[in-house]
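This briefing concerns the ligand site of the model shown below. Please read it alongside the sequence and the coordinates.

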Amino acid sequence: MELSDDIIRLRQEIEDLARDRLAESGVDRDRDGAFWSHGWAACAEGGVLRLPVPEEDGGRGVGLLATIVAMESLGRMVDDLGLLFSINAHLWAGVIPIVRFGTEDQKHRWLPGLLDGSVIAGHGATESEAGSDVFAMRTTARRDGEDWILEGSKSFVANGPVADLLVVYATTDPDLGELGITGFLVPRDTPGLQCSEPLDKMGLRTSQTGAIVLEDCRVPGDAILGRPGGGAACFNCSMEWERGAILAMHVGRMERQLDEAVRFVKERRQFGRPIGSYQSVANRIVDMKMRIETARPLVRRIGMLKDDGRQAMLEAAIAKLHVSEAAVQSSLDAVQVMGSRGYLREGIVERDLRDALGARIYSGTNEMQRVMIARLLGLPSSLPERRPDGSA
Ligand SMILES: Cc1cc2nc3c(=O)[nH]c(=O)nc-3n(C[C@H](O)[C@H](O)[C@H](O)COP(=O)(O)OP(=O)(O)OC[C@H]3O[C@@H](n4cnc5c(N)ncnc54)[C@H](O)[C@@H]3O)c2cc1C
């Protein structure tokens, strides 16, 4: 795929940023589960948070394909994938929904801070009893005069412990099922909103994730994102963009793993020869290369479709499924060809494996991507019919 000169220049700019300001190792932060606030600030100052946002909204307006190419570069060059995950969560679950569904007042209030990095966003959809079946959520929004009262809890909110703004999905009318889901913009300091300490995750540990509880949490009428009952469209829009772009960092990471693995198998000698001369080692390297070459066009295609104003639900589900599986398998191959060195925490591939496993789960599990692809191909749905109240 030919990239435009503008995109090639942007990629160079992002690589300079990564080399100059984001070169620090993430090993200690991964161990401690610590958010890299300096890295966040460097990305914000380097304009990363403004990339996909239209110029009229204060962004750089480079489009999704260019943003994806930039994310590939960051994934290749920045050690701390958790930071990149946090940036993606902020962009696709916070910024883009406001750009697409926000009122002019909401944009004026929130976008400047979201784009200069002083405001961090996260979104709460998943609940303890509503994971894959997310629209079975039980968090409610009740009218009280001009205001809304939010009640419920969200179990897994990326950026939750560090977020200043949460996009909270709740149902305004459980009888309406999916049509009752509504998004709300809830500032962190809203009385009745509590965020937990960071959860102790297996991977992406520097991206802090927490639960939130909403108890008698009053927000004004103008906190609604979109229209009452428009939350499912807003959430699905988030997911469509996220599934493409968030995987781009893993494509970059697979490229880095391949470079490191090739270097390693050429240098490491056993039985008097470089281990790369042994077919079973070389085959893993070949498979790693093939995965990169099949994964990259899938994520870039989503960028092209969205930049053309077209739907990409099917393509996003295919990319999510393929790239996340490729990222896990490539991490396994990288660990294996490096032997005991690949198994150590001081290296990067051990962490890559833990980070990549999250990609099979977030933005909808891979099993649910298969369900979605089958449905979009016209196969009969395996999911139970919903009653009007949303229950199965
Ligand atoms: C790193 C990370 C970050 C996340 N960030 C956020 C966030 O910012 N905001 C947010 O709201 N959520 C977030 N999540 C939560 C994520 O969206 C959910 O974990 C995911 O939707 C799955 O829900 P669950 O964990 O409850 O699993 P469940 O839905 O309980 O699924 C358990 C298993 O059953 C399978 N399964 C369930 N139903 C079906 C079916 N019909 N057919 C086939 N298989 C099925 C699943 O695929 C899975 O393997 C994040 C998760 C991770 C790992």
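A pocket is, on a 1 Å grid over the protein atoms alone, an open set of points where a 1.4 Å probe fits, with protein on both sides within 12 Å along at least five of seven lines. The space taken by the ligand is the largest pocket; a molecule sits in a pocket if more than half of its atoms lie within 2 Å of its grid points. The model is predicted, so local features need pLDDT of at least 70 and side-chain atom pairs pLDDT 80 or more, while totals for chains, interfaces and linings use all residues. Residues are numbered from 1 along each chain as its sequence is written, and side-chain values use heavy atoms, without hydrogens and water.

**Shell around the ligand**

**Polar contacts** (N or O atom pairs within 3.5 Å)
- A ligand nitrogen atom is 2.9 Å from a polar backbone atom of His123.

- The protein covers 66% of the 970 Å² of accessible area (Shrake-Rupley method, 1.4 Å probe) that the ligand has on its own.

Definitions and conventions. A polar contact is a pair of N or O atoms within 3.5 Å; within protein, one must be able to donate a hydrogen and the other to accept it, and residues adjacent in sequence count only if both atoms are side-chain atoms. On a 1 Å grid over the protein atoms alone, a cavity is a set of points where a 1.4 Å probe fits but cannot get out, and a pocket is an open set with protein on both sides within 12 Å along at least five of seven lines; lining residues have an atom within 4 Å of a point.
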